[in-house]
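Try each task yourself before you read its solution.

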Amino acid sequence: WADVDRMVGDFQPGQLVIVGATTSVGKTMAMEQIAEANAKRGHAIAFYHLELSHQSMLDRCVARCSGIDARRLREGYMGEEVSRALGEIATWHDRITLIHCPGWTAERISADIMRLHAQGRCELAVIDYLQKVSMPDRRGYSPSKLIGLQVEAFKNIAEQIGIPIVLGSQVSRYFKMTANKRPTMDDLRDSGEIEEKANIVLMLHNPTPREDRRDDQKTEVIELHVEKNTDGPLGMAKLVHVKGRFLLGDVAPEPDQPWDKEREIPF
């Protein structure tokens, strides 16, 4: 994502990066692509997914790389595109360790990040997502306080072992009451401590009202807003979501603007 890269650059050791969005906008998809992009660059990734199964994540990866709709893949399609994609994926996918961890606490995930890091298997940790992490049993603590403790645990482990951590987060529903109906950093669900501890906050937003979205459209525009960036500028980048492929890519510029063909998405 060229425009995002220009604002955010490479994630740095010790950073906590939040990816926030409402349901079905694409935070998991975005985090999968962040993990894959870094694996292609030679980095070891630990991806903690508390919701999707291993098979679902692999199907989504093949759909992204092959250009074949995930539904066709689930139906058994195995054309040349799939074979080529599997060959390409095999060159980098072993750098991603997938950990399906429903019910894990922040402390258990943090301990596992430390274990994999000691083995040379975690230079970047991705956690999908915060509200699925099991709450510790601490009576007298409010939900927002418990969320704050979890975020602090992830920030501490990032700084302790010197790796960036990407953490997904849902947003509250109160953003719908705002004038532009776009969630911001202030709408991250359950805690004001999330944005306080984060170094970078990325918010995804579908600007098309839900009632106007059409299932027959192959693509849709998704906005990625850099809401917090301790080392760089803020701003917004428009991305294109290719439906069925679980793919977010750069939006092609206007005809009179330069365009890097290697970044173009084949529809």
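**Exercise 1.** Work out which residues lie nearest the centre of the second largest pocket, and which elements line it.

*Solution.* Start with the lining: 34 residues surround the second largest pocket, and His241, Val242, Lys243, Gly244 and Phe246 are the ones nearest its centre. Keep in mind that this is a predicted model. Next, look for elements that give two or more residues to this lining: they are helix 2, strand 7 (219–229) and strand 8 (235–242). Helix 2 contributes the most, with 3 residues. The space in this second largest pocket is about 980 Å³. Finally, sort the lining by class: you get 14 charged, 12 polar and 8 nonpolar residues.

**Exercise 2.** Find the salt bridge that Arg41 makes, and say where its two partners sit.

*Solution.* First, the partner: the side chain of Arg41 meets that of Asp10, at 3.2 Å from N to O. That passes, because the cut-off is within 4 Å. Now place the two residues: Arg41 is in the loop between helix 2 (27–40) and strand 2 (45–49), while Asp10 is in the loop between helix 1 (2–8) and strand 1 (16–21). They are 31 residues apart, so this pair links distant parts of the chain. Last, check the surface: Arg41 is exposed, at 53% relative accessible area, and Asp10 is partly exposed, at 45%.

**Exercise 3.** Is Lys155 buried or exposed, and which residue does Lys155 pair with?

*Solution.* Take the accessibility first: Lys155 has 11% relative accessibility and so counts as buried, since the limit for buried is under 20%. Its salt-bridge partner is Glu159, with the closest N and O atoms 3.2 Å apart. Glu159 is partly exposed, at 48% relative accessibility. Both residues are in helix 7, and being 4 residues apart there puts about one helical turn between them.

**Exercise 4.** Describe the salt bridge between Lys132 and Glu51.

*Solution.* The N to O distance between the two side chains is 3.8 Å. Lys132 lies in the loop between strand 4 (124–128) and helix 7 (143–161), and Glu51 in the loop between strand 2 and helix 3 (54–66), so the bridge ties together parts 81 residues apart in sequence. Lys132 is partly exposed at 37% relative accessibility, and Glu51 is partly exposed at 44%.

**Exercise 5.** How many salt bridges does the model have, and which residues form a network of them?

*Solution.* The count comes to 10 salt bridges. For the network, pick out Glu32, Glu36, Arg60 and Arg64, which salt bridges link together.

Note on methods:
Residues numbered from 1 in each chain as written. Predicted model: local features only at pLDDT ≥ 70, side-chain atom pairs only at ≥ 80, totals over all residues. Heavy atoms only, no water. Buried < 20%, exposed > 50% of the residue type's maximum accessible area, 1.4 Å probe, protein only. 1 Å grid on protein atoms, 1.4 Å probe; cavity = no way out; pocket = protein on both sides within 12 Å on 5 of 7 lines; lining within 4 Å. Points joined across faces, edges and corners; volume = space filled by probe spheres on them. Nonpolar A, V, L, I, M, F, W, Y, C, P; charged D, E, K, R; others polar.
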